[in-house]
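This briefing sets out selected features of one protein model for use in computational work. Please read the points below alongside the sequence and the structure.

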Amino acid sequence: MNKDELPTRKGRGSFISPPNRFETSHHEPDFEHLEHDEEFVDSLGRQKTEFVQDTTQSVVTENDSPDIGFRYSLNPYRGCEHGCAYCYARPSHEYLGYNAGIDFESRILVKTRAPELFAEWLARDRWKPEPIIFSGVTDCYQPAERKFELTRGCLRVALEARQPICIITKNALVLRDLDVLEEMARWNIISVAISVTSLDHALARTLEPRTSPPAARLRAIAQLSAAGVPVRVMVAPVIPGLNDSEIPAILSAASEAGAQSAGFVLLRLPLAVRPVFLEWLRVHEPTRASRVESLIRTTRQGKLNDPNFGSRMRGKGPLAEQIEQTFRVFTHKHGLDKPIPPLETARFRPPRCSRGQLRLF
């Protein structure tokens, strides 16, 4: 039995365990003597999620990338159950001794003290309030949030402190916290970006196996907007030959649902994301795989990834320019070409520290 004969993992975006670039050895499974064990072979298609306590003492990270529009982000989880085959964050799991394939979506590190640590971080005398992004790396509303409610806890800390927050998610679970978000909207300290990669339910189910279906994300846009929460739609990533033709329809549907602004990011395939995504193409889109790969290369000067600031998010070449022009035309048509107004920072008030220490001033 070789890997091409193995059953696909149900509800997972990755079928492989690519080598960790920081390790000197890699274990390759050999099923030669087990191929007739039907129970074992069937078990290979069911990968349970393991939650590991993350004892990190900080939840806010600082970013200085010139082509990313935020400086600070908060991530309650490392790894992401959504299992998106294209996720640029997959290589971050290699720093933890895991692989960027199945480990990234089945071994989730949970920062159980996130709300407490966030409050302590905001209470520092040197903090000068500016928006903090929830989900700068992995989705703060991935399925684990239903159980742990760390994002909700952090939002309540932000509300108490009047700290402006920008959420990025592709999960309609964000609506669970509509009570908090609505109150934050009254103080103008919240905005939400909903990622809509495709309106094709079948495509989304395999490409982003544990996220909300497209219709649910549009409903989330509508309900957030109706509650007064500024909403931006993100067409991310745009995958040439797979979903780029959907840009007009996605923008139209998002505008009708109540989105105020829109953005897009071209597919990125850094490091171990490359084999994961190519394997996904081979399994789920065999008739389109070679064409999609070829089109991706035309936007990356013959390569599958461009790590350079400025071009890595947009690509280069005629096809990349065509995608950007299409996006520009239809955002203008649907009134989505203006940024969301700035969030309020003047009302910030440091939260009370849980350890009981009082501020000097």
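**Backbone features and overall description**

S135 is placed in the loop between β6 (132-134) and α4 (144-148). The model is predicted, and in it S135 has a positive phi of about 90 degrees although it is not a glycine. With a relative accessibility of 6%, S135 counts as buried.

**Overall composition**

- The protein contains 12 helices and 10 strands.
- Of its 361 residues, 52% are buried.
- Contacts between residues at least 6 apart in sequence join, in 80% of cases, residues at least 24 apart.

- The loop between α11 (289-299) and α12 (318-333) is the place of Q301.
- Q301 counts as exposed, with a relative accessibility of 59%.
- A cis peptide bond runs from A236 to P237, with omega near -5 degrees.

- Apart from its neighbours within four places in sequence, A236 is in contact with Y86, S195, V196, T197 and V265.
- The C-alpha atoms of A236 and K170 are 9.9 Å apart in space, while the two residues are 66 apart in sequence.

**Packing of α8 and α9**

- Helix α8 (residues 214-226) packs with helix α9 (residues 247-257) at an angle of about 30 degrees, and their axes are 8 Å apart.
- On the α8 side, L218, I221, A222 and S225 take part, and they meet A253, A254 and A257 in α9.
- Sorted by class, this contact of α8 with α9 has six nonpolar residues, one polar residue and no charged residues.

**Cysteines**

- The count of disulfides is zero.
- Which cysteine sulfur is closest to that of C80? The closest one is in C84, at 6.3 Å, which is too far for a bond because a disulfide requires the sulfur atoms to be within 2.5 Å.
- C80 counts as buried at 6% relative accessibility.
- C166 is likewise buried, with a relative accessible area of 17%.

**Salt bridges**

- The structure holds 24 salt bridges.
- R21 and E94 form a salt bridge in which the closest N and O atoms are 2.0 Å apart.
- That pair links distant parts of the chain, with R21 in the segment before α1 (38-43) and E94 in the loop between β4 (77-78) and α2 (102-106), 73 residues apart.
- R21 is partly exposed, with a relative accessible area of 35%, whereas E94 counts as buried at 3% relative accessibility.
- R90 forms a salt bridge with E105, and their closest N and O atoms are 2.7 Å apart.
- R90 lies in the loop between β4 and α2 and E105 lies in helix α2, so this pair ties together parts that are 15 residues apart in sequence.
- R90 is buried, with a relative accessible area of 0%, and E105 is buried with a relative accessible area of 0%.
- The side chains of E160 and R352 meet in a salt bridge with an N to O distance of 3.7 Å.
- This pair also links distant parts of the chain: E160 is in helix α5 (residues 150-161) and R352 is in the segment after α12, 192 residues apart.
- E160 counts as partly exposed at 33% relative accessibility, while R352 counts as exposed at 72%.
- Through salt bridges that share partners, E145, R152, R176, D177 and D179 are joined into one network.

Key:
Residues are numbered from 1 along each chain as its sequence is written. This is a predicted model: local features need pLDDT of at least 70, side-chain atom pairs count only at pLDDT 80 or more; totals for chains, interfaces and linings use all residues. Side-chain values use heavy atoms; hydrogens and water are left out. Axes are lines fitted to C-alpha atoms, for helices over the stretch in contact, and angles run from 0 to 180 degrees between N-to-C directions. Helices (H or I, at least four residues) and strands (E, at least two) are DSSP runs, numbered from the N terminus. Contact means heavy atoms within 4.5 Å. Ala, Val, Leu, Ile, Met, Phe, Trp, Tyr, Cys and Pro count as nonpolar, Asp, Glu, Lys and Arg as charged, and the others, Gly among them, as polar. Buried means under 20% relative accessible area, exposed over 50%, partly exposed in between (1.4 Å probe, protein chains only). A salt bridge is a side-chain nitrogen of Lys or Arg within 4 Å of a carboxyl oxygen of Asp or Glu.
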